Amino acid sequence: MKKTLIASALVGLFASSAVLANNDTEELRKVIAQQQKVLKKLEERLDETEQRLEATADQVESSSTASSFAKTTIGGYGELHYNNYENTDAKVDFHRFVLFFGHEFTNKLRFFSEFELEHSIAGEGQDGEVELEQAYVEYDYSDTITTKTGLFLVPVGIINETHEPPTFYGVERNGVEKNIIPATWWEAGVAGNFKLAPGLAVDAAITSGLNVGNDYKIRGGRQKVSNASAENLAYTGRIKYTAIPGLELAATVQYQTDLTQSAAGVDDAAATLIEAHAIYQVNNFTVRALYATWNIDGDEAKALGRDEQTGWYIEPSYMLNEDLGAFARYAEYNNEAGQSGSDAVESTSVGINYYLHENVVLKADYEELGGSKDSKGFNLGFGYQF
């Protein structure tokens with residue numbers, strides 16, 4: 001069409017030239033009028049084409065932006081707790097508010113992050129903290145080898161890597177995976193996941209380590225990668241078996257050359273963590289069992305009885321229907337197990353999870369504490385993930 005209009009305009013020009021040569025004024029007017037109509041149509045066509053091109057460009061840009069957003073994911077979880085125990089004041093706490101951000105650069109290269117606010121408010125004189133719990137890049141070298149680089153959760157235990165409220169029983173996380181593991185526990189470094197066979201995988205990591213100081217308390221040694229001392233790194237290996245449906249078996253070993261990070265005036269304290277757990281699910285019944293122990297070198301740790309720190313628990317649970325589950329748990333842990341006659345903390349818990357949705361849960365449990373702690377009370381909670 002455009003070629004036809006242009007040709008018509010050119011013909012009009014030649015015709016007007018011929019008319020001028022014959023000095024025919026009336027014919028000249030007719031030719032000029034016809035030429036103006038052709039040029040107007042040509043201008044309208046060009047405007048229409050330009051508008052279509054602009055619309056197409058907008059659609060391409062919009063599609064590109066939408067594609068970029070489609071590769072970015074946002075999620076999160078949170079939990080509100082009410083705790084009421086003997087000899088202590090009852091407390092209510094929005095314990096955690098967490099946001100996840102992820103992005104897929106290619107089908108082999110991904111970014112993950114987790115940003116957390118604890119205890120509702122942070123700042124000078126406040127109970128809360130703002131924490132960067134994860135920020136790493138994951139890369140698939142092949143179908144069987146994947147690496148992580150950055151800040152990530154240590155591959156150990158049951159809840160350290162999966163601790164969203166709908167995924168476990170009990171309002172509070174169990175004492176063994178809090179005081180012995182100690183979840184949640186993240187470090188900075190590099191890690192690799194190697195799939196040896198279907199259902200059999202090995203994880204290996206070289207990361208920053210704990211810094212327990214001269215009290216050798218494991219949970220207090222988490223540096224959270226905040227200007228963390230890295231004089232002594234940690235080396236972690238885990239093997240996990242999941243080839244049988246409903247069954248997970250895993251064992252982790254971590255070695256750190258010095259838990260005190262070569263602090264002046266403190267004995268070097270090489271340490272080894274050994275952890276093993278099993279999860280078995282048959283229909284609506286599930287049982288979890290975990291054992292973890294630290295062995296720490298050095299006279300100072302031995303004098304405090306903290307050269308050995310050990311814990312274990314067993315937890316059966318049953319889903320009564322798709323909305324309601326019940327559990328019982330017995331646990332023991334002792335951060336001074338190396339001291340003869342020291343009492344472990346004993347915990348017996350029973351409770352329920354009521355799921356308003358598979359990702360929204362109401363929780364209630366009753367706990368009796370014995371051994372080095374003597375108390376009893378109940379907890380109520382609400383949690384979600386998305």
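In the hairpin formed by strands S10 and S11 of this predicted model, two residues lie between the strands, and Asn283 adopts a positive phi near 55°. Strand S10 covers residues 271-282 and strand S11 residues 285-296; the two run antiparallel and are joined by twelve bridges. Within this pairing, Ile274 is placed opposite Thr293 of S11. Strand S11 is also joined to strand S12 (residues 308-319), again in an antiparallel arrangement, through eleven bridges. In that pairing, Arg288 is the residue that stands opposite Glu315 of S12.

Positive phi values occur elsewhere in the chain as well. Most residues other than glycine have a negative phi, and most peptide bonds are trans. His119, a residue other than glycine, has a positive phi near 60°. This residue belongs to the loop between S3 and strand S4 (129-140), and with a relative accessibility of 23% His119 counts as partly exposed. Ser120 is found in the loop between S3 and S4 and likewise has a positive phi, near 75°. Its relative accessible area is 48%, so Ser120 is partly exposed.

Two cis peptide bonds were also identified. One joins Ile181 and Pro182, with omega at about 0°; Pro182 is located in the loop between H3 and strand S6 (186-197). The other runs from Ala183 to Thr184, where omega is near -10°. Thr184 is likewise placed in the loop between H3 and S6.

Charged side chains were considered next. Side chains of opposite charge can pair when their charged atoms come close. The structure contains twelve salt bridges. One of them is formed by Glu79 and Arg173, whose closest N and O atoms are 3.9 Å apart. Because Glu79 is part of strand S1 (residues 72-85) and Arg173 is part of the loop between strand S5 (145-153) and helix H3 (176-179), this pair ties together parts that are 94 residues apart in sequence. Glu79 has a relative accessible area of 2% and is therefore buried. Arg173 is buried too, at a relative accessible area of 10%.

A further salt bridge connects Arg96 with Glu116, the closest N and O atoms being separated by 3.7 Å. Here the linked parts of the chain are distant: Arg96 is in strand S2 (residues 91-104) and Glu116 in strand S3 (residues 109-118), 20 residues apart. Arg96 and Glu116 are both buried.

Asp203 and Arg238 form another salt bridge, with 2.9 Å between the closest N and O atoms. This pair also links distant parts of the chain, Asp203 being in strand S7 (residues 200-207) and Arg238 in strand S8 (residues 234-241), 35 residues apart. Both Asp203 and Arg238 are buried.

Strand S1, which contains Glu79, also contains Gly76. The relative accessible area of Gly76 is 0%, and the residue is therefore buried. Although Gly76 and Val98 are 22 residues apart in sequence, their C-alpha atoms are 5.2 Å apart in space. When residues up to four places away in sequence are not counted, Gly76 touches Val98, Leu99 and Phe100, together with Tyr384, Gln385 and Phe386.

The analysis of open space in the model concerned the largest pocket. Rolling a probe the size of a water molecule over the atoms shows where empty space is left. The largest pocket has a volume of about 1200 Å³. It is lined by 43 residues, of which Asn83, His95, Glu172, Lys178 and Lys373 are the closest to its centre. Several elements each supply at least two residues of this lining, among them S1, S2, S4 and H3. Strands S13 (324-334), S14 (345-357), S15 (360-371) and S16 (375-385) each supply at least two residues as well. By class, the lining comprises 19 charged, 15 polar and nine nonpolar residues.

Key: Residues are numbered from 1 along each chain as its sequence is written. This is a predicted model: local features need pLDDT of at least 70, side-chain atom pairs count only at pLDDT 80 or more; totals for chains, interfaces and linings use all residues. Side-chain values use heavy atoms; hydrogens and water are left out. A salt bridge is a side-chain nitrogen of Lys or Arg within 4 Å of a carboxyl oxygen of Asp or Glu. Helices (H or I, at least four residues) and strands (E, at least two) are DSSP runs, numbered from the N terminus. Buried means under 20% relative accessible area, exposed over 50%, partly exposed in between (1.4 Å probe, protein chains only). Two strands pair if DSSP finds at least two bridges between them. Contact means heavy atoms within 4.5 Å. On a 1 Å grid over the protein atoms alone, a cavity is a set of points where a 1.4 Å probe fits but cannot get out, and a pocket is an open set with protein on both sides within 12 Å along at least five of seven lines; lining residues have an atom within 4 Å of a point. Grid points are joined across faces, edges and corners, and a volume is the space filled by probe spheres set on the points. Ala, Val, Leu, Ile, Met, Phe, Trp, Tyr, Cys and Pro count as nonpolar, Asp, Glu, Lys and Arg as charged, and the others, Gly among them, as polar.
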